[in-house]
Amino acid sequence: ISAALFETLKGYLRAWPQVRSLNGRRISMENNKTSNLRVAEKIGFKLPKTTVVASSAGIMGPGLEGRIAKPLNGGQHTVPVEELNHHKQGYEVSFVQEMLPGQNMRVFVIGGKTFAFTLDTEDLDYRTDRKAKLTHVPTPPELEDKAKALAETLLFDYCALDFRENDAGEMVFLEVNSMPMFVAFDNVSQNKLVDAQLEFLIGA
């Protein structure tokens with residue numbers, strides 16, 4: 001899609017707010033991962049130890065060994081800090097976070113409804129694992145209301161929150177994705193994600 005067409009579409013949605021669109025309330029707002037962490041913390045989510053690093057040159061500073069790195073902007077893969085300088089997609093400004101050992105979970109929030117999935121994989125980033133197993137599960141009660149509150153605070157009608165379990169068995173909030181890919185999750189849930197999107201868009 002061209003930049004001009006995209007800007008025209010945004011202008012139309014701002015001018016006609018009665019036209020329902022996913023995340024239309026945020027149409028001109030960026031998704032800032034750093035401020036999102038602060039909002040998530042205020043809502044009550046547990047966060048990983050996090051450092052923001054301005055360039056990969058300083059990625060191996062004292063105390064950062066054995067951690068993971070991911071981009072501050074964009075959706076490149078998460079990698080161990082030791083591999084960042086050699087990562088083919090390379091990125092500069094990064095989050096460096098503690099490496100958590102447990103279960104991965106993703107919670108979609110669509111029109112105020114939640115849909116949770118566990119992700120079983122041996123890879124650090126499940127997207128690199130063709131054998132990753134997705135399972136649709138009930139949203140844990142301790143996450144559901146907070147997930148809805150975060151989505152509403154950030155004006156997201158559609159988003160996905162990523163979590164990973166720590167040594168104590170607690171789900172730790174990693175980030176919120178503003179327009180996440182959903183097809184694999186939708187297939188596993190028997191189209192519940194698409195149904196929720198359509199219900200929101202038609203105002204059902």
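Numbering starts from 1 along each chain as its sequence is written, and side-chain values use heavy atoms, with hydrogens and water left out. Because the model is predicted, local features need pLDDT of at least 70 and side-chain atom pairs count only at pLDDT 80 or more, while totals for chains, interfaces and linings use all residues.

**Overview. The protein chain has 5 helices and 9 strands.** Helices (H or I, at least four residues) and strands (E, at least two) are DSSP runs, numbered from the N terminus. Along the sequence they run α-α-β-β-β-β-β-β-β-α-β-β-α-α. Of the 204 residues, 41% are buried, where buried is under 20% relative accessible area, exposed is over 50% and partly exposed is in between (1.4 Å probe, protein chains only). Take the contacts (heavy atoms within 4.5 Å) with a separation of 6 or more: 60% of them join residues 24 or more positions apart.

Close-up 1. H2 covers residues 33-43, and its buried residues are Lys-33, Asn-36, Leu-37 and Ala-40. An α-helix has 3.6 residues a turn, so residues three or four places apart point the same way. Their packing partners are strands S1 (50-53), S2 (68-71), S4 (94-97) and S9 (171-177), plus helix H3.

**Close-up 2. Both ends of H2 are worth a look.** At the N-terminal end, Asn-32 is the cap, with a side-chain oxygen 3.0 Å from the backbone nitrogen of Thr-34. After H2 comes Gly-44, with a positive phi near 120°.

**Close-up 3. Thr-139 sits in the loop between strand S7 (133-137) and helix H3 (141-153).** Thr-139 counts as buried because its relative accessible area is 13%. Its side chain makes a polar contact with the side chain of Thr-114 at 3.0 Å. (A polar contact is a pair of N or O atoms within 3.5 Å; within protein, one must be able to donate a hydrogen and the other to accept it, and residues adjacent in sequence count only if both atoms are side-chain atoms.) Leaving out residues up to four places away in sequence, Thr-139 touches Val-107, Thr-114, Phe-115, Ala-116 and Glu-144.
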